[in-house]
Amino acid sequence: MSETEIAATRPIRTFHPRRGRMSSRHADAHALLWPRYGLTVTDGDRTPLDLAGLFGREAPVVLEIGFGMGDATAAMAAADPQRGYLGVEVHTPGIGNLLAMVGELGLTNVRVACGDAMQLVHRIGPGSLDAVHVFFPDPWPKARHHKRRLIQPGNVAVLRERLRPGGVLHCATDWPEYGVAMTETLDADPGLRRLPEGPHGRPETKFERRGAAAGRPITDLRYTRR
Ligand SMILES: C[S@@+](CC[C@H](N)C(=O)[O-])C[C@H]1O[C@@H](n2cnc3c(N)ncnc32)[C@H](O)[C@@H]1O
């Protein structure tokens, strides 16, 4: 296979390759808690994920894609012990930070996946999620990069199919133009219905603070699966 043919078979990535070192706090938490709470996502692996087995109980599950440093995940999981929170990220310091918070707060309802979320979702059965959270995904502002955006029709259809009927897809962005595109894409999905604006119940995230400090308005959208 030529280089071009090999490149064409690679999945389009929605994330920037980011380097980052784990602090000793992160590394210690990773060494201690990854064996218990961690899940490695491998490209191309389609083994069905047993969510009840992963959490050790039958409970509604929230999937959070791209949790960053995990502050919002930990806060939401701590306030909502009845549901399991499965966070997926590729940024290893963030994974270490979330595991550190899981240890410090004594959370038992969080599982942390490392790898590409769009690979992970293919392992989750249709109708098995209570909610999907996509908070401040990479905006990919240049037109030639829009294909790398997480919220686009094909990905939305896959995420919606993983939700139970009545389950919620909750997205937020601080990039107005992505907010418009997100709204159009989500409104156009025939299996989703937009929920009225109201209190979103989401703690402020690191990227949200960054956007607000730069004066960018926040678009917050919640849809339910029909
Ligand atoms: C702009 S940051 C936002 C982080 C966090 N949600 C916040 O609001 O502070 C987007 C995050 O999504 C992650 N990400 C993007 N695409 C991803 C994917 N396909 N799988 C896992 N993580 C992804 C990136 O690594 C990055 O940490």
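Colleague: How do the residues of the shell around the ligand divide into nonpolar, polar and charged?

Modeller: This is a predicted model, to begin with. The shell divides into 12 nonpolar, six polar and five charged residues. Gly counts as polar in this scheme.

Colleague: Which residues come nearest to the ligand?

Modeller: Of the 23 residues around it, the nearest are Gly66, Gly68, Ala117, Phe136 and Thr205.

Colleague: Where does UniProt place the feature "binding site"?

Modeller: The unreviewed UniProt entry puts it at Lys142, Asp174, Thr205, Lys206, Phe207 and Glu208. These positions spread over 67 residues of sequence, and in space their C-alpha atoms are up to 23.6 Å apart.

Colleague: Take Asp174. Why does Asp174 count as buried?

Modeller: Count its neighbours. The cut-off for buried is 20 or more other C-beta atoms within 10 Å. Asp174 has 22, so it counts as buried. Asp174 lies in the loop between strand S6 (163-173) and helix H8 (176-188).

Colleague: Which residues does Asp174 touch, not counting those up to four places away in sequence?

Modeller: They are Phe136, Phe207, Glu208, Gly211, Arg216 and Ile218. Phe207 and Glu208 are also named in the UniProt feature.

Colleague: Now Thr205. How do you know whether Thr205 is buried or exposed?

Modeller: Same test. Thr205 has 21 other C-beta atoms within 10 Å. The threshold is 20 or more, so Thr205 is buried. Thr205 sits in the loop between strand S7 (192-194) and H9. Leaving out residues up to four places away in sequence, Thr205 touches Gly68, Asp71, Ala72, Phe135 and Phe136. Gly68 and Phe136 are among the residues nearest to the ligand.

Colleague: On to the strands. Why is strand S2 (residues 61-65) called largely enclosed?

Modeller: Five of its five residues are buried, so the rest of the structure largely encloses S2. Both faces are covered. Val61, Leu63 and Ile65 are buried on one side, and Val62 and Glu64 on the other.

Colleague: What makes S2 and S3 a pair?

Modeller: Two strands need at least two bridges to pair. S2 and S3 have five, in the parallel sense, so they pair. Val62 stands opposite Tyr85 in S3.

Colleague: How many bridges does S2 have with S5?

Modeller: Three, again parallel. Glu64 has His133 in S5 as its bridge partner.

Colleague: What do we know about how enclosed strand S5 (residues 129-135) is?

Modeller: Six of its seven residues are buried, so S5 is largely enclosed by the rest of the structure. S5 also runs parallel to S6, joined by six bridges. Phe135 stands opposite Ala172 in S6.

Colleague: Which residues have the most contacts inside the largest nonpolar core?

Modeller: Leu98, Leu99 and Val132, in a core of 54 residues. Helix H5 (residues 92-105) gives the largest share of this core, six residues.

Colleague: What does Val132 touch, not counting residues up to four places away in sequence?

Modeller: Val132 touches Leu63, Ile65, Leu159, Arg162, Leu163 and Leu169. Leu63 and Ile65 lie on one side of S2.

Methods: Residues numbered from 1 in each chain as written. Predicted model: local features only at pLDDT ≥ 70, side-chain atom pairs only at ≥ 80, totals over all residues. Near = placed C-beta within 6 Å. UniProt positions renumbered as here; feature names shortened; annotations may be inferred. Helix = DSSP H or I, 4+ residues; strand = E, 2+ residues; numbered from the N terminus. Buried ≥ 20, exposed ≤ 12 C-beta atoms within 10 Å, placed from the backbone. Contact = placed C-beta atoms within 7 Å. Core = buried A, V, L, I, M, F, W, Y, C linked by C-beta atoms within 7 Å.
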